[in-house]
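The sequence and the model are shown below.

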Amino acid sequence: MTMPGMSEAEVTHAQQAPTDVEPERPSAPPPRRAAPHGERQHVRVSGLSDETVGDIHCDNPFMVARNVNVHYGENHAIQDVSLDIGKEQVIALIGPSGCGKSTFLRCLNRMNDSIESARVTGSISLDGQDIYSRDLDPVALRARVGMVFQKPNPFPKSIYDNVAYGPRIHGLAADRAELDDIVHTSLERAGLLQEVKDRLDEPGTGLSGGQQQRLCIARTIAVNPEVILMDEPCSALDPIATARIEDLMDELSRDYAIVIVTHSMQQAARVSRRVAYFHLGRLVEVDDTDRIFTNPQHKLTEDYITGRIG
Amino acid sequence: MSSADDPSAHSATRRKVEAGLARRRLRERLFKGFGLAATAVGILFLCVFVYTLVAQGASAFRQTELQLDVHFDRDVLAPDGELDLEYADFDAIPRDALRAMFPDVTSRGDRRELNRLISIAAGFQIRDMLVDDPSLLGETRTVRVPAAANVDMLVKGHIDRALDEALRPVSDRQVQWIEALQANGRIEQHFNTALFTNGDSREPELAGIRGALMGSLYMLLVTVVLAFPIGVAAAIYLEEFAPRSRWSDLIEVNINNLAAVPSIVFGLLGLAVFINWMALPRSAPLVGGLVLSLLTLPVIIIASRAAIQSVPPSIREAALGLGASRMQVVFHHVLPLALPGMLTGTIIGMSRALGESAPLLMIGMVAFIVDVPGGFTDPATALPVQIYLWADSPERAFAERTSAAILVLLGFLLVMNLAAVIIRKRMERKW
Amino acid sequence: MQNTTLILLLAGMAAAAFYLGRSRSLALVGGVSNSAMLHSLPGYYGYFTAVWCLLPALAVMLVWVLAEPRVVIALVVDGLAESQKNLSAGELNLLVNNIRNLAAGDAVSGSVDASLQAAADRYNALVGVSRWMLAGLVLGIATLGALSAWRRIRPDLRARNRVERVIEYLLIAASSIAILTTIGIVLSVLFEALRFFQKVPFTEFLFGLNWSPQTAIRADQVGSSGSFGAVPLFAGTLLITVIAMCVAVPVGLMTAIYLAEYSSNRVRAIAKPLLEILAGIPTVVYGFFAALTVAPWVRRTGEALGIEVASESALAAGLVMGIMIIPLVSSLSDDAIHAVPSSMRDGALGLGSTRSETMTRVILPAALPGIVGGILLAVSRAIGETMIVVMAAGLAANLTANPFEAVTTVTVQIVTLLVGDQEFDSAKTLAAFALGLVLFVMTLCLNVVGLSVVRKYREQYE
């Protein structure tokens, strides 16, 4: 069954290509995007409950989201989402375009603050501290919860300055030697040092797409965050570059909590330990990756992973 | 070093970040404050500007008038029994009427001072009344005549009565007379029609903007008749027909540069080409209009090109597919759709032309011209140039009139820009 | 015959030609029902005839009207007495002016003698003859053109293509007017400037420190050429421009930043149109404000602080000019800031930058070329601004960097030299064109560089 307003081609892409490009731009979720009428009806026709199935809890939770709602003006983009994010694991948020997974991701480091019409309710805590509380500066929060975006977005500065940017603004390095050290370590952890060590002064925008994305990851980990949010980090990359980034994620997951939004189920299966399936602003199902892909509990999840919903 | 699994590394980072937070927040607030202050500077200036103009200029729309019981004295006007419209002493009539109200003013000097309360326009007014109705001769009528500029200023409060007598243009005696007249209800303020019906004058109470307005009107007519079709035609050629070549690039660069050439340089062009080479008359709205068309042409071309670009190619393709020639596509389909944008650009160009004065100084439109121009080759001036001329006059009354003229000019500009906005809103199409 | 009457007549003839051409085309194929046999629609045959009727006639008329005054004057001068013909160019010019004024019935300077009256009558007679000749010629050409086109109409005549070709040429002509304007500016300014440099050496003009063109009024005064050193004007222009930029650049840039990054949509919706109003106020109004409100205020403030301020200080003119330029700087900066992709901003914010850090460390450096280009355009605007300085800055050619003193600028001097009575050959008048040349070249360089920087920068992020 094909959803209205969704082409056959998109559906097949979602199944086969791990590098598909989602047609939305999650870096700035358009507030006016309302769910097509037909899709809503689909939910009602199937007559399933709005409750999240599976297990939203995990051992050792680091970030805890409870009853999160997001409105963009009139549009109710996220409805009652509750989810735990554990330490030292990768959780993947999947779902069709416009399902709210990117919006939810951006709630986790308050990137929605810069959208005037966005209103967030509910609670999200980081290590027991409410991140939407008045005493918490979003600047300090974002130093702890870093973010990597869909499209590689290195600053038009040198490779060195790109990586040194975060440590510089946060005052993490006491002197030049320490800064050099941070830059080198970060580039190394991002697997980029070997390729760029002789040209740290060249502009970061001159690198290839995959290298640029790894530069952005290096830039993020240079601040030494506790959580890394990745918003479809591979959607603009070719399969080889994607594979490198996925290896990198695997490695980084030993040290950081990683939340990845992806449009590719294969990628979710490869890199994540848990998977959360979003549909039309609701969190439909959360579970261990194996369980979701082998034995989905919810009809919508099953439709999605079997390719009936693009 | 950044082994993230080591919690102490994280907490060290957090401590460093938090240590700098207060300083960074302060800087953030300062930066934002600077931004707000900068935005406020522009807007504040605009407010001060409008306030000053209105405070200075609003009173110019009212003129102080003296109510006099005028006797059209046969002995004064027609001593030989015949009324000579050219040489009769019309000025004496209102003077006598005023003097009749102050019988105790006898000395020559005092009488002259008293006479100065009346504008010289009063004599012309008496003459006009007699021309209209010769039977008035010998009658007595209550007539309102304009007061002299200084009286006007004093009544409107622009001259400080507390000031030392030597420092103000109105003497103590005159102030007393004026106060007496006011007490008798003989001084009134009425709408200043002279401001809109008269040409320029050396006397502030006689000076009006009609001549300048007509000059501006004639110039804008020439400008719109020349610049609109030429600008649209040039835009059509550049967008629809010109091959992408060095030549069209050159035209494009050239047009963008022309839009930024100082307007005074266009004045030099007008002086050298239109007046010295083509021997067209100086001070004529025709030449002014020619110069202003060259000045606004780039604006119109740029706006028209943008309007043509916004017509989707699918429309051209559809028409071409039906067998229309390129010319038919342009004139039947593209042009009607792009017209609102072109009109908007033209109105904005016209409003720029209306406010322009520097090039007009070059082609002699700064002359002191009393007559209201009646054609495209009559000597004329323009509204902004009139403002420039009046602003140079030392009299307080001219400062008031300058502000009033500015208000009129800004009113016209506002109307034109509103029209542009409305056209854009009304005829806007979403593709 | 009046030119307007002639043009109306021509329009009528063109309409008639249209009708005749159209009906002939239809007659050739035997009526409307067979119009498919024609190559083009019948109307195009009408346009074809009308174009041939109108265009050649109008071209002849234009040339005639442009040449008429010269030819008539030459004929009148030719008919003058020998003694008058041998007058110097300036005196002859005056005489011709008198004849012209007398002929038009206007006031004449000096007494009217019989020979002058005769010349004026001759002038009027010549003009009358010229008008009738013009009318005959133009109407004849129009008739001939229409007739020949009408005779050429055949069913297989490609009338549409012919008409469209003509329209295309007209479009080309319209677009070349922009080029002609530039050429006209360059030639007129350059030509007169070269004549000036024959009287005053180029180096002296560019590097001389003393400017007092008034001494050159009397032609018999030798050494008057020593006073055309334009350096004080350049310095004055520079001083006022610098003051204006000191106001406009920080305020304009910070306004753009505030509106782009901090203000709410509602504030933006109010502030932007207000700034546009500021940009639309005529410069003469700014000049009035500078001279009557700001200059006295600057002077009083200066006096209160114990600083001696000239009543026409560079500061007052510069301040007001700066305010005039704020909207230009802010809108160009706004364009530059918005051209930086939003992903840059997201990236910086995502790393924990404050908004000001995002702006100053990421967005502004990325937008710098665009902003610099915009500032160059603003400088060019300041240099060429005329009315504010004419009204608020003085005429005193002081060579000073003190903003409290009066200075004069290039544009002020152009206006002063050219307004009022002038002889076209005097060094004083020609000096204005030399200054115009300098002004044009300076602003042209700034504009070319500024525009290309802005454009290249835009392309970089597209």
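Which domains does the domain assignment of chain B give? The bounds, which come from an automatic or database domain assignment, are listed here.

| Domain of chain B | Residues |
|---|---|
| Domain 1 | 3-58 |
| Domain 2 | 62-203 |
| Domain 3 | 210-427 |

The model is predicted, with local features needing pLDDT of at least 70 and side-chain atom pairs pLDDT 80 or more, while totals for chains, interfaces and linings use all residues. Residues are numbered from 1 along each chain as its sequence is written, and chains are lettered from A and ligands numbered from 1 in the order in which they are written.

Taken over C-alpha atoms, the centres of domain 1 of chain B and domain 2 of chain B are separated by 62 Å.

Chain C and chain A also meet: the contact (C-beta atoms, placed from the backbone, within 7 Å) takes 16 residues from chain C and 23 residues from chain A. On the side of chain C, helix 12 (342-350) and helix 13 (355-384) each supply at least two residues; helices are DSSP runs of H or I with at least four residues, numbered from the N terminus. Helix 12 of chain C gives the largest share, seven residues.

Within chain C, helix 8 (residues 231-262) packs against helix 13 at an angle of about 140 degrees, with their axes 10 Å apart. Axes are lines fitted to C-alpha atoms over the stretch in contact, and angles run from 0 to 180 degrees between N-to-C directions. Among the residues that meet are Leu253(C) in helix 8 of chain C and Ile375(C) in helix 13 of chain C.

Note on methods: Two residues are in contact if their C-beta atoms, placed from the backbone, lie within 7 Å.
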